[in-house]
Amino acid sequence: MTYIEVDGLTKRFGDTVALDDVSFEVPPGEFVIVLGVSGSGKSTLLRTLSGLLSPTEGEILIDGEPMIEPRPDVAMIFQQHNIIGDMTAYSNSLSGGVHRSGFLSSVLQLQDTEEKHRALDALDTVGLLEEAEQKARRMSGGQQQRVGIARALVQQPSVLLADEPVASLDPGSAQDVMEYLRTASDDRDLTTFCSLHQVNIARKFGHRFIGLRDGKKVFDGYRDELTIDVIDDLYGDIDTEGMFVSDDGDADAETDEVATT
Amino acid sequence: MTTDTTESDGARGSAGVGTDSATDPPNRITEQFENIKQTRRRRALGWLGLFVFLAFTTLQAFAATELLNPDARLETFRESLVGFFPITDYFGVIPFLDVGRYLEFIREGGLLYDPEIGGLLFQFPPNPADIYAFFFLELGIFQIFGEAGITLAMGFVGTILGFPFALVFGTLGSERVTPFPFNFIFRGTMSFIRAVPAIIWTLIFIPFLGLGPSSAAIAIAFDTIGNLGRLFVDELEEIEDGPIEAMRTTGASKPQIVFFGMLSQVRTAFIAWTLYIFEINVRIGVTVGVIGAGGLGYVLASQQNLLRFTNMMATLLAIFLLIISVELFSQRLRSRLRSDDVEMSIWELITGFPRRMADSMLK
């Protein structure tokens, strides 16, 4: 069964081709990681999936409906968090569900109790229930990103898109944020797209991997197919082996497996 | 290695040529020297021309302002200055500024304190009925400050009434909210309001509300729409796209995107600008008072008509005190709101006062 269907997706900005005839199908509940160097089209792919950009050619079907403009069942998490610094973590979380209430009730925070519990529940999922009343601006980068995840969850989406959610975080916070993202996605049965450029984190958290280079899809496969050769192909001639060793034991074992196959 | 030596030889050779011909520099040097000389001469001529033009224009402007043959009356001016700064002899011998006469007028004219209203609040033992009357019957919070209170209230009411309109016009005037040609409906309206100074708006509202603080307050409110709204538009140009995109992906409606994605980014800035406009509005309150709208400005104008210069100076001192207090209050609050704002020292507040007063006269 297919949940997301991308067919011949091409996106051009003037003369620049950001995405070139990308096609794939994703069944519901998969945790997909999009890999590629900067400028390979990862962000463009996610922004097109979210409806923020419209495709130049091709089509995106999510749950059988074409994705033309942003809609509530597709939530997005951004590299720069994009939460509202002047509001508390709770208000930010609550703002994910404004599409279910009118203008005045959302501005004055007059939503019903169920909605407010949902916002707190989302904060609990990302481990920030205690910090609910804190101003978002005063939180650390990792915490801000978790508020961003909470906001996306309150939206009650079926698809979660994360555009390099950990690129601006230190390694520790990056691990945390990815844990929370993975947990939230598993608990709520969300189909998740996450673009990353840390290969070690990608291997640890992903089910399925889509590799982009110069806007073209060059790899699409599951974890056991993601060999060092594939990584080399994606990232060019860099010392990728170091990335595998730096990971914890679990990933190391897998790397060895990959190496032997 | 061989190439290295030839190169350094060559360099030495050319340097040698340079020293040899020091008495008679090569052509390219003299050429460049002539070039520079000519450029400098041309520039000097340009400056001279500009100076002559400016002098000539200034002369014409002097003629237009009748400063060429002014009707100067030094004697009258000297007399008025004596009025402004009354001198008394302490112990019959030491001449000194008679501050007592200022204080006397400030008290008699009720410039800073209205004893009739204040008497309700300050009595011993306190009378609950009078205190109730002060707050709820006489509504005396502003009136207790006498004429200064009226001026302050004009600025306050003007800011409060103008703010919601400024918010609506400022938001709708932003290109991100209203698409390009249509946002100019709102920007244009604000430009028109700004083009007319507050003092003229007061004249326009006199037939409606009569000559008094009420028409002044409405005029200041109008002025606030133009000025504060413009500041809001400018502030909205600075915001980041991120939160707007984030709100779009939540499936929020257009007004919700504007409120959560845009306005929540500029909330602190908007409060700070509003306080700044309040500061200016109190100064405008003084200015419009001069044409008869009441408050300290009116006292100033009427004392001037009576040629009571000492009283005029006393009123000026009261104005000074009022404006400085408002500015101190607003500056402190604003610098607390936006920590990156540089705090103005008390000295700057006092020395910069005449310029800011002049600026707000023109608004």
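## Annotation of chain B

UniProt lists residues 148-330 of chain B as "domain: ABC transmembrane type-1", in an unreviewed entry. UniProt positions follow the numbering used here, feature names are shortened, and annotations may be inferred rather than shown by experiment. In this predicted model, the span 148-330 of chain B is 85% helix and 0% strand, and its end C-alpha atoms lie 17 Å apart. Helices (H or I, at least four residues) and strands (E, at least two) are DSSP runs, numbered from the N terminus.

The unreviewed UniProt entry also gives "transmembrane region" for several stretches of chain B, including 152-174 and 195-222. Residues 152-174 of chain B are 96% helix and 0% strand, with end C-alpha atoms 31 Å apart. Residues 195-222 of chain B are 82% helix and 0% strand, with end C-alpha atoms 12 Å apart.

## Model and numbering

Residues are numbered from 1 along each chain as its sequence is written, and chains are lettered from A in the order in which they are written, with ligands numbered from 1 likewise. Local features need pLDDT of at least 70 and side-chain atom pairs count only at pLDDT 80 or more, while totals for chains, interfaces and linings use all residues.

## The two chains

Chain B has 17 helices and two strands. Chain A has ten helices and ten strands. Of the 363 residues of chain B, 32% are buried; for the 261 residues of chain A the figure is 43%. Buried means that 20 or more other C-beta atoms, placed from the backbone, lie within 10 Å of the residue's own.

Contacts join residues whose C-beta atoms, placed from the backbone, lie within 7 Å. In chain B, 67% of the contacts between residues at least 6 apart in sequence join residues at least 24 apart. In chain A, residues 24 or more positions apart account for 68% of the contacts with a separation of 6 or more.

## Helix packing in chain B

Two packed helices are described by the angle between their axes and the distance between the axes. Axes are lines fitted to C-alpha atoms, for helices over the stretch in contact, and angles run from 0 to 180 degrees between N-to-C directions. The axes of α7(B) (146-173) and α10(B) (213-237) come within 6 Å and cross at roughly 40 degrees. Their crossing is right-handed, meaning that the near helix is turned clockwise from the far one by less than a right angle. This contact has 19 nonpolar, nine polar and no charged residues. Ala, Val, Leu, Ile, Met, Phe, Trp, Tyr, Cys and Pro count as nonpolar, Asp, Glu, Lys and Arg as charged, and the others, Gly among them, as polar.

Helix α13(B) packs against α9(B) (198-209) at about 40 degrees, with axes 9 Å apart. The pair is therefore oblique, the class left after roughly parallel (under 35 degrees), roughly antiparallel (over 145) and roughly perpendicular (65 to 115). A198(B), I199(B) and T202(B) of α9(B) meet residues of α13(B), including I284(B) and V288(B). The α13(B) and α15(B) (309-337) axes come within 9 Å and cross at roughly 175 degrees. That makes α13(B) roughly antiparallel to α15(B).

## Contact between the chains

The contact takes 18 residues from chain B and 21 from chain A. On chain B, α11 (242-249), α12 (254-262) and α13 (267-293) each supply at least two residues. α11(B) gives the most, with six residues. The chain B side divides into six nonpolar, nine polar and three charged residues.

Notes:
Two residues are in contact if their C-beta atoms, placed from the backbone, lie within 7 Å. A residue is buried if 20 or more other C-beta atoms lie within 10 Å of its own, exposed if 12 or fewer, and partly exposed in between; C-beta atoms are placed from the backbone.
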